[in-house]
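Subject: Structure handover

Hello,

Here is the structure I promised to pass on. Please open it first, then read the notes below.

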Amino acid sequence: MEFIALSLGLPVNRFNSFFKDHTTFMRLNHYPPCPSPHLALGVGRHKDSGALTVLAQDEVGGLEVKRKSDGEWILVKPTADAYIINVGDVIQVPTLF
């Protein structure tokens, strides 16, 4: 969190108050390729309520993001052996200033 604060030009301890008396959790999920993807429901559209989500990418794909300009959900092209770092609600830029 300190590195994120610094990268945004904020004081190193800017996010500390957001995590005071806060329960921290880490969840590890693995979803193997589905043999019948047309039958899979997956996780519905949602916002990440935490601070950071780290998504390991593979060739399967399925991640969608909501485009801010028009609210359209668009498919993210998967990049094998890459990670996507999603900034959650705790670190929304408008709440920083």
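**What was found**

Arg67 is partly exposed, because its relative accessible area is 34% (buried means under 20%, exposed over 50%, partly exposed in between, with a 1.4 Å probe and protein chains only). Arg67 forms a salt bridge with Asp70, and their closest N and O atoms are 3.1 Å apart. The term stands for a side-chain nitrogen of Lys or Arg within 4 Å of a carboxyl oxygen of Asp or Glu. Asp70 is partly exposed too, at 46% relative accessibility. The structure holds one salt bridge.

A word on the source. This is a predicted model, in which local features need pLDDT of at least 70 and side-chain atom pairs count only at pLDDT 80 or more, while totals for chains, interfaces and linings use all residues. Residues are numbered from 1 along each chain as its sequence is written, and side-chain values use heavy atoms, with hydrogens and water left out.

Next, Asp48. It sits in the loop between helix H1 (2-7) and strand S1 (52-56). Helices (H or I, at least four residues) and strands (E, at least two) are DSSP runs, numbered from the N terminus. Asp48 counts as buried because its relative accessible area is 18%. Its side chain makes a polar contact of 2.8 Å with that of Thr53, and another of 2.5 Å with that of Asn86. A polar contact is a pair of N or O atoms within 3.5 Å; within protein, one must be able to donate a hydrogen and the other to accept it, and residues adjacent in sequence count only if both atoms are side-chain atoms.

Gln57 is in the loop between S1 and strand S2 (64-66). At 13% relative accessible area, Gln57 is buried. Beyond four places in sequence, Gln57 touches Pro78, Thr79, Ala80, Asp81, Ala82 and Ile84 (contact means heavy atoms within 4.5 Å).

Is Leu75 buried or exposed? Leu75 is exposed, because its relative accessibility is 60%. This residue belongs to strand S3 (residues 73-75). Leu63 is twelve residues away in sequence, yet its C-alpha is 6.0 Å from that of Leu75.

Last, the core. Ala5, Leu10, Phe15, Ala51, Val90 and Ile91 make up the largest nonpolar core. Such a core is a set of buried Ala, Val, Leu, Ile, Met, Phe, Trp, Tyr and Cys residues joined through side-chain atoms within 4.5 Å. Setting aside neighbours within four places in sequence, Ile91 is in contact with Met1, Ile4, Phe15, Ala51 and Leu52.

Best wishes
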